[in-house]
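Please read them with the sequence and the model side by side.

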Amino acid sequence: MKEDFIIRIKSRTEQFDHMQPVRTGEDDRIEIMTYGSLVKKGDTYYITYKETQTIGFEGCTTTIKIAADGSRVAMLRFGPANAQLIVERDRRNICYYETEVGGLTLGVTGDGIECALSEKGGTAAFSYLLDADDPISIINRNTLEISVQKPN
């Protein structure tokens, strides 16, 4: 069953160097609203939407696959910038990011996943640590909250 929904994504990023917060003085919260689709196949929800220029990925299509039990999230982005990010609780995965200036391999460690979706919408949140496999690198903790609502 494929339905069109309004997708609201709230993103919050915190930066850490040696696990101490880095104060950048910049607003680290982004909120976007766009149309997308929600499909449930087996025990996995698929949220697909077109990116906007707000977060710098205009022209890309993103699919977020969330296990209903909250054990795993896969975020796949296709278009001018490609990425494959796998988030699993307490597990580090190696993921690939393709950018305009070249490819990048990053470590992604799942920090938390919550799935409160149904076939009619709901919310899902996940956070993860990004690292460049370097003990002195800055680690980003990104938290995405995804709200799905059927338009009136």
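1. Strands are taken here as DSSP runs of E of at least two residues, and helices as runs of H or I of at least four, both numbered from the N terminus. On that basis the protein chain, which is a predicted model, has 0 helices and 11 strands. Read from the N terminus on, the order of elements is accordingly β-β-β-β-β-β-β-β-β-β-β.

2. As to burial and surface, 39% of the 152 residues of the protein chain count as buried. The chain exposes about 8,900 Å², and carbon and sulfur atoms supply 47% of that area. Among the contacts between residues at least 6 apart in sequence, 40% join residues that are at least 24 apart.

3. How many salt bridges does the count come to? The count comes to 3, and I take them in turn below. In general terms, side chains of opposite charge can pair when their charged atoms come close.

4. The side chains of Arg72 and Glu88 form a salt bridge, at 3.5 Å from N to O. Is Glu88 buried or exposed? Glu88 has a relative accessibility of 15% and therefore counts as buried, the cut-off being under 20%. Arg72, at 38% relative accessibility, counts as partly exposed.

5. Arg91 also meets Glu88 in a salt bridge, again with a distance of 3.5 Å from N to O. Arg91 is partly exposed, its relative accessible area being 47%. Taken together, Arg72, Glu88 and Arg91 are linked in a network of salt bridges.

6. The surroundings of Glu88 deserve a separate look. Which residues does Glu88 touch, once those up to four places away in sequence are set aside? They are Ser71, Arg72, Asn93, Gly110 and Ile113. With one of these, Asn93, the side chain of Glu88 also makes a polar contact of 3.2 Å.

7. The side chains of Asp131 and Arg92 meet in a further salt bridge, at 2.9 Å from N to O. Here too the pair links distant parts of the chain, with Asp131 in strand S10 (residues 121-131) and Arg92 in strand S8 (residues 92-99), 39 residues apart. Asp131 has a relative accessible area of 14% and is therefore buried, whereas Arg92, at 38% relative accessibility, counts as partly exposed.

8. Turning to the aromatic rings, a search of the whole structure finds 1 aromatic pair. The pair is formed by Phe126 and Tyr128, whose ring centres lie 6.1 Å apart and whose planes make an angle of 20°, so that the arrangement is classed as stacked, the cut-off being under 30 degrees. Both Phe126 and Tyr128 are buried.

9. A last point concerns a charge and a ring.

How values were computed:
Residues are numbered from 1 along each chain as its sequence is written. This is a predicted model: local features need pLDDT of at least 70, side-chain atom pairs count only at pLDDT 80 or more; totals for chains, interfaces and linings use all residues. Side-chain values use heavy atoms; hydrogens and water are left out. Buried means under 20% relative accessible area, exposed over 50%, partly exposed in between (1.4 Å probe, protein chains only). Contact means heavy atoms within 4.5 Å. Accessible areas come from the Shrake-Rupley method with a 1.4 Å probe; for residues, only the protein chains shown count as cover. Rings of Phe, Tyr and Trp (its six-membered ring) pair if their centres lie within 6.5 Å; planes under 30 degrees apart count as stacked, over 60 as edge-to-face and the rest as tilted. A salt bridge is a side-chain nitrogen of Lys or Arg within 4 Å of a carboxyl oxygen of Asp or Glu. A polar contact is a pair of N or O atoms within 3.5 Å; within protein, one must be able to donate a hydrogen and the other to accept it, and residues adjacent in sequence count only if both atoms are side-chain atoms.
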